[in-house]
Amino acid sequence: MAIISIDIQGLITLVNRKCCELLGYSEAELLGMDYFGLCPDRDVVEEMREAYYQHVTKNETFPKYFYINLTTRDGKTRIFEWHNNTMKDFEWNTSGIILAGTDMTEYRKSIDERKALRDRLNQSQKMEALGQLSSGIAHDFNNLLATMMGYTELLQEMLEDSKNDSIKSYLGEIYVTGERARDLIEG
């Protein structure tokens with residue numbers, strides 16, 4: 001567990017070996033460093049700094065538990081889950097906070113990877129369902145085409161001796177169009 005304390009200005013006043021190990025800094029480098037300066041997200045830094053300032057100067061509540069990203073010496077981002085307690089001086093004035101944190105980087109990565117796998121599985125299942133649906137529609141459409149083409153053939157046979165060439169031509173076009181539709185579905 002990483003342990004770090006910060007004073008009312010947000011400067012690091014104490015770190016344990018585990019915290020130094022996780023962040024890649026020596027104790028001497030971390031002592032006196034701006035804790036909030038380790039945070040890579042500038043928007044979060046200002047919000048956290050303001051919340052911390054309100055807590056230490058006006059005794060407003062500060063979250064007892066929170067996640068925050070910190071930048072390591074080599075520029076990587078690590079995700080920490082922090083639990084904190086307010087530190088008081090001998091006159092019971094707030095003098096800072098002490099944080100006990102767990103490195104959640106690998107855990108959060110595994111959660112993100114599982115979510116990505118779940119999303120891919122859901123997408124695959126949707127595509128499979130869509131394929132089954134379109135296959136069913138194609139099958140039903142082929143059945144309808146077969147019926148239409150069958151009746152067209154029957155009409156053509158019935159009108160074989162007829163002198164009405166335009167009806168024969170129309171039936172021929174209907175049949176050819178039905179074959180193209182069938183080929184389109186099967187292709």
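Reader: Which residues is serine 5 in contact with, leaving aside its neighbours within four places in sequence?

Author: Happy to list them: Leu11, Ile12, Thr13, Leu14, Met87, Ile97 and Ile98, where contact means heavy atoms within 4.5 Å. This is a predicted model, in which local features need pLDDT of at least 70, side-chain atom pairs count only at pLDDT 80 or more, and totals for chains, interfaces and linings use all residues. Residues are numbered from 1 along each chain as its sequence is written, and side-chain values use heavy atoms, with hydrogens and water left out.

Reader: Why is serine 5 called buried?

Author: Its relative accessible area is 3%, and buried means under 20%, exposed over 50% and partly exposed in between (1.4 Å probe, protein chains only). So serine 5 counts as buried.

Reader: What makes leucine 144 exposed?

Author: Leucine 144 has 54% relative accessibility, so it counts as exposed. This leucine sits in helix α4.

Reader: Why is α4 called roughly antiparallel to α5?

Author: Helix α4 (residues 105-158) and helix α5 (residues 165-186) pack at about 160°, with axes 9 Å apart. Angles under 35 degrees count as roughly parallel, over 145 as roughly antiparallel, 65 to 115 as roughly perpendicular and the rest as oblique. The angle therefore makes α4 roughly antiparallel to α5.

Reader: How do the residues of the contact of α4 with α5 divide?

Author: They comprise 10 nonpolar, 5 polar and 4 charged residues. Here Ala, Val, Leu, Ile, Met, Phe, Trp, Tyr, Cys and Pro count as nonpolar, Asp, Glu, Lys and Arg as charged, and the others, Gly among them, as polar.

Methods. Axes fitted to C-alpha atoms, helices over the stretch in contact; angles between N-to-C directions. Helix = DSSP H or I, 4+ residues; strand = E, 2+ residues; numbered from the N terminus.
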